[in-house]
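Student: I'd like to learn how to read a structure like this one. Could we go through it together, feature by feature?

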Amino acid sequence: MSMTIRNFEKRDQEVVRDLVLEGLAERWGAAFDATFNKDLDDIHHYYVAHHHATVIVLEAASSSPPSPSSPKAVPTIVGCGILLPLPAEDVYDTWCAEPASRVEALKGLKLCRMMRLSVLKDHRGKGYAKQIIRHLVDAARNQGFERILVETETLWTSAVQIYRSAGFVVVEAGEENVHYEYEL
């Protein structure tokens with residue numbers, strides 16, 4: 001299947017929001033509350049316009065050929081990710097702060113945070129998350145960042161595994177969260 005990574009566009013809003021929320025709901029089950037994810041209500045405004053973040057989508061080319069009623073194949077968004085320049089104002093208290101033990105070590109570095117990485121359930125296990133991560137790492141390097149920060153939940157084993165396999169180094173791990181860094 002042919003895949004393309006491109007920048008998020010306003011027309012992608014509902015699809016990307018639903019993609020991320022579905023992944024979170026799958027992880028958290030009955031405890032999941034979408035209202036704690038206000039940053040996803042207007043991705044373009046919050047991330048692109050306000051924070052100057054890089055937001056990307058991974059698209060799969062349509063497997064059905066064009067037809068007279070639909071002369072152009074419609075791609076499907078199967079994944080997404082965000083690269084957020086730091087410092088950033090966390091208006092909605094959406095992401096975790098860096099552990100106190102790392103604050104001094106990170107001073108003076110040009111930092112960004114990789115976040116909201118998500119792949120549709122039916123498309124997992126095919127290397128698409130790694131493709132998104134590689135793209136965001138390249139974007140960070142091209143934008144002159146020195147280090148990428150990632151935080152995820154300790155028990156979210158698929159996330160823990162993907163970041164480790166992509167070369168991120170654990171800098172602090174607790175019962176609830178794991179903090180990673182990737183030096184560029």
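Student: Which residue follows α2, and is its phi positive or negative?

Tutor: Residues are numbered from 1 along each chain as its sequence is written. This is a predicted model, where local features need pLDDT of at least 70, side-chain atom pairs count only at pLDDT 80 or more, totals for chains, interfaces and linings use all residues, and side-chain values use heavy atoms, with hydrogens and water left out. Now the general idea: most residues other than glycine have a negative phi, and most peptide bonds are trans. Here α2 is followed by histidine 52, whose phi is positive, near 60°. Helices (H or I, at least four residues) and strands (E, at least two) are DSSP runs, numbered from the N terminus.

Student: Where does histidine 52 lie, and is it buried or exposed?

Tutor: Histidine 52 lies in the loop between α2 and β2 and is exposed, with a relative accessible area of 61%. Buried means under 20% relative accessible area, exposed over 50%, and partly exposed in between (1.4 Å probe, protein chains only). Arginine 116 also has a positive phi, about 55°, although it is not a glycine. That arginine 116 lies in strand β4 and is buried, at 14% relative accessible area.

Student: What kind of peptide bond joins leucine 86 and proline 87?

Tutor: A cis peptide bond joins them, with omega about 0°. Proline 87 sits in the loop between β3 and α3 (100-106), and its 83% relative accessibility makes it count as exposed.

Student: Which residues of helix α2 are buried?

Tutor: In α2 (residues 43-50), the buried ones are Ile43, Tyr46 and Tyr47. Seen down the axis of α2, they fall within an arc of 100°, so they line one face of the helix. The arc is that of the directions from the helix axis to the C-beta atoms. Their cover includes α1 (13-28), β2 (54-60), β3 (76-85) and β4 (111-119).

Student: At what angle do helix α4 and helix α5 pack?

Tutor: Two packed helices are described by the angle between their axes and the distance between the axes. Helix α4 (residues 128-142) and helix α5 (residues 157-165) pack at about 50°, with axes 10 Å apart. Axes are lines fitted to C-alpha atoms, for helices over the stretch in contact, and angles run from 0 to 180 degrees between N-to-C directions. The contact (heavy atoms within 4.5 Å) is made by Ala129, Lys130 and Ile133 of α4 and Ile162, Tyr163 and Ser165 of α5.
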